[in-house]
Amino acid sequence: MWNESKYQIKLYIIRHGQTAGNAQGRYVGCMTDEPVTEEGQRMLKKASFDLANDCVFASPLMRAMQTAGICFPDKRLEKVQDLREMDFGDFEYKNYSELNGNPQYQAWIDSGGTATFPNGEDKSAFIERTVGAVTQILSQECARGCKDVAIVAHGGSVMSLMSHLTGNNYYDFQVKNGEGYLLNLEVGLENEIRVISYDRISCRICD
């Protein structure tokens, strides 16, 4: 059981493999559920992760669950609803060429990506739900005595967690499909999380 004031744990947080919408530069949010492409699967199959934990946590969307199954084939998968991608509202599954000239899209661009997507999810609410989900996972796994955790989710999920933990800009942590971060964390009994170190990781290093 977890009975110390501080607990150190290793966390992988990984963006899912490429989907058709990703390849076309579309805003693929929580309202779109599409699989990883064959090319995306090929890239993911080259990945190698050192994970002792018997369970991997993933967004319930097909692309994340499929990625988790490819990267961690011998692990049990647990769906976590609040790890799903942001709701992009009226921009869902559209790309730049389709949105170019749209005044609402221009306003969002002019805001530096801080404005809420029309009829979509507020970024602060998105960060709150994804960080809350990760915090709960870490607390649960620390209590089990686990030394490492893997989470497979979305680009937004990665940016949300990393910006929250480091205090840096949300968009500083944009990652490509199959990329993410490996963090060494210190977790307190009151769920305080401190980053000891972190490194960017990618399935592409296996090419």
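Me: Why is Arg144 called partly exposed?
Reply: Its relative accessible area is 43%. The cut-offs, found with a 1.4 Å probe on protein chains only, are under 20% for buried and over 50% for exposed, with partly exposed in between. The 43% of Arg144 falls between those limits, so the residue is partly exposed. The model is predicted, so local features need pLDDT of at least 70 and side-chain atom pairs pLDDT 80 or more, while totals for chains, interfaces and linings use all residues. Residues are numbered from 1 along each chain as its sequence is written, and side-chain values use heavy atoms, without hydrogens and water.

Me: What makes Asp54 and Arg144 a salt bridge?
Reply: Their closest N and O atoms are 3.2 Å apart. A salt bridge needs a side-chain nitrogen of Lys or Arg within 4 Å of a carboxyl oxygen of Asp or Glu, so the pair qualifies. The pair links distant parts of the chain, 90 residues apart: Asp54 is in the loop between α2 (38–44) and β2 (55–58), and Arg144 in the loop between α6 and β4. Helices (H or I, at least four residues) and strands (E, at least two) are DSSP runs, numbered from the N terminus. Asp54, at 40% relative accessibility, is partly exposed. Both residues also belong to a network of salt bridges that includes Glu141. In total the structure holds 9 salt bridges.

Me: How do you know that Glu179 and Arg200 form a salt bridge?
Reply: Their side chains meet with an N to O distance of 2.9 Å, which is within the cut-off. Glu179 lies in strand β5 and Arg200 in strand β6, so the pair ties together parts 21 residues apart in sequence. Glu179 has a relative accessible area of 9% and is therefore buried, whereas Arg200, at 46%, is partly exposed.

Me: What makes Arg194 and Glu186 a salt bridge, and is each one buried or partly exposed?
Reply: The side chains of Arg194 and Glu186 meet at 3.2 Å, N to O, so they too pass the test. Arg194 counts as partly exposed at 45% relative accessibility, and Glu186 as buried at 17%.

Me: How do you know that Asp148 has no salt bridge?
Reply: The nearest side chain of opposite charge is that of Lys10, at 4.1 Å, which is beyond the salt-bridge limit. For charge, Lys and Arg count as positive and Asp and Glu as negative, while His and the chain ends are not counted.

Me: What does the side chain of Asp148 reach?
Reply: It reaches the backbone nitrogen of Ala52 at 2.8 Å and that of Asn53 at 3.0 Å. Leaving aside residues up to four places away in sequence, Asp148 touches Ile9, Lys10, Asp50, Leu51, Ala52 and Asn53, a contact being heavy atoms within 4.5 Å.

Me: What makes Asn102 a cap of α5?
Reply: A side-chain oxygen of Asn102 lies 2.8 Å from the backbone nitrogen of Gln104, at the N-terminal end of α5. Gly112 follows α5, with a positive phi near 75°.

Me: What stands out in the phi of Asn119 and of Asn191?
Reply: Most residues other than glycine have a negative phi. Asn119 has a positive phi of about 60°, and Asn191 one near 70°. Asn119 sits in the loop between α5 (103–110) and α6 (123–143), and Asn191 in the loop between β5 (179–188) and β6 (193–202). Asn119 is exposed, at 66% relative accessibility; Asn191 is partly exposed, at 31%.

Me: Which residues of helix α3 are buried, and what do they pack against?
Reply: In α3 (residues 62–71), Arg63, Ala64, Met65, Thr67, Ala68 and Cys71 are buried. The buried residues of α3 pack against β1 (6–15), α2, β2, β3 (76–79) and β4.

Terms used:
Polar contact = N/O pair within 3.5 Å; in protein donor to acceptor, adjacent residues only side chain to side chain.
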